Amino acid sequence: MAGVWHCMLAAVVLMYVSMWDPTEAVGGARSRPRPQRRPPKKPKVEPTDVTPLAQNIDMERMMGKWYLLIAASKCSYLMNHGTKVEPTVMTLTRSSDQTLSVSTKTRHNHQCWEILQVYDRSPTPGKLVLKGTREELNTNIVIVETDYSSYAIMYYQKRGKITMKLYGRSVDNLSEPMLTKFEQLAEKQNMGLAFVFPFPTYSHCGDVDKDHIISKLCPHMLRGQGCLQTYPALQCSVGSAPTFWTP
């Protein structure tokens, strides 16, 4: 009789072992699965790094006045105020072999303002830098395409975000083929028509009085803080400052 009980007990034990889940620990708790290694991150590629430069850019021929005709951007300011942008004109002047002086004139609250900045030239023709307080705050600028006499397409990149601008030597230089080309380039940067903003082609600012000129004389100015910036007036002490959409 004892042998029968021993056989029955052995059968029960074998049945229990066959049904036991090896992932269960003592006490009924399940053992934790081994952590899986994360796949290595792909190297980050900045938009301007994959943007083809115009061949043989002659920076001397880029000097002079350029009217901003269209911008493509996901900048929150443009997304919210894109229908209220003001006429904007940029003037490039050679200040040295290493730098360009950049004057941008636009309006804020019906008042003309002039913003003076300095772009550093790079060894690569057509590539410029607007320096920030730290290297990661720099704005990298690329002249992608131009014929010098009628149009120029420029890319502005900061912290992985990109803004495209189409400039013209005059306000009448925007042809349908050029508009289509700009929109196609914007589409390649994942910016459809909802992110393309035309700028006014009339009532551009002329001379600006000195109280509305923003220059590098203020030590905390012109740091390339992005598409939405607050600039104090020239004396650096004005509490109320205009907000501009600039590189």
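Is the link of Cys112 and Cys205 left-handed or right-handed about the S-S bond? In this predicted model, the link is left-handed, with an angle of -90° about that bond. The structure holds one disulfide, and the sulfur atoms of Cys112 and Cys205 that form the bond are 2.1 Å apart. The pair links distant parts of the chain, 93 residues apart. Cys112 belongs to strand 4 (residues 111-121), whereas Cys205 is found in the loop between strand 9 (196-198) and strand 10 (213-214). Both cysteines, Cys112 and Cys205, are buried.

The largest nonpolar core has 26 residues, of which Met59, Met62, Met90 and Tyr119 touch the most other members. Two or more residues of this core come from each of helix 2 (59-62), strand 1 (64-72), strand 2 (89-94), strand 3 (99-108), strand 5 (127-130), strand 6 and strand 7. Another core, of 20 residues, lies apart from the largest one and includes Leu166, Ala186, Met191 and Val196. When residues up to four places away in sequence are not counted, Met62 touches Leu92, Ile143, Thr146, Tyr148, Ala152 and Arg169.

Most residues other than glycine have a negative phi. Tyr148, although not a glycine, has a positive phi of about 70°. This tyrosine lies in the loop between strand 6 (139-146) and strand 7 (151-158). Tyr148 counts as buried because its relative accessibility is 12%, and the cut-off for that class is under 20%. Arg159 is likewise not a glycine and has a positive phi, of about 55°. Its place is in the loop between strand 7 and strand 8 (161-168). With a relative accessible area of 54%, Arg159 is exposed.

Charged side chains were then considered. Side chains of opposite charge can pair when their charged atoms come close. The structure holds six salt bridges. In the bridge between Asp120 and Lys131, the closest N and O atoms are 3.3 Å apart. Asp120 is in strand 4 and Lys131 in the loop between strand 5 and strand 6, so this pair ties together parts that are eleven residues apart in sequence. Glu136 forms a salt bridge with Arg134, with 2.6 Å between the closest N and O atoms. Glu136 is partly exposed, at a relative accessible area of 44%, and Arg134 counts as partly exposed at 43% relative accessibility.

A further salt bridge joins Glu145 and Lys181, whose closest N and O atoms are 2.5 Å apart. Because Glu145 lies in strand 6 and Lys181 in helix 4 (residues 176-188), the pair ties together parts that are 36 residues apart in sequence. Glu145 counts as buried at 19% relative accessibility, whereas Lys181, at 31%, counts as partly exposed.

The structure holds zero aromatic pairs. Lysines do, however, sit over rings. The charged end of Lys165 is placed over the ring of Tyr156, 4.4 Å from its centre. Lys74 lies over the face of Phe195, at 5.2 Å from the ring centre.

Note on methods:
Residues are numbered from 1 along each chain as its sequence is written. This is a predicted model: local features need pLDDT of at least 70, side-chain atom pairs count only at pLDDT 80 or more; totals for chains, interfaces and linings use all residues. Side-chain values use heavy atoms; hydrogens and water are left out. Rings of Phe, Tyr and Trp (its six-membered ring) pair if their centres lie within 6.5 Å; planes under 30 degrees apart count as stacked, over 60 as edge-to-face and the rest as tilted. A charge sits over a ring if NZ of Lys or CZ of Arg is within 6 Å of the ring centre and within 35 degrees of the ring normal. A disulfide is a pair of cysteine sulfur atoms within 2.5 Å. Helices (H or I, at least four residues) and strands (E, at least two) are DSSP runs, numbered from the N terminus. Buried means under 20% relative accessible area, exposed over 50%, partly exposed in between (1.4 Å probe, protein chains only). A nonpolar core is a set of buried Ala, Val, Leu, Ile, Met, Phe, Trp, Tyr and Cys residues joined through side-chain atoms within 4.5 Å. Contact means heavy atoms within 4.5 Å. A salt bridge is a side-chain nitrogen of Lys or Arg within 4 Å of a carboxyl oxygen of Asp or Glu.
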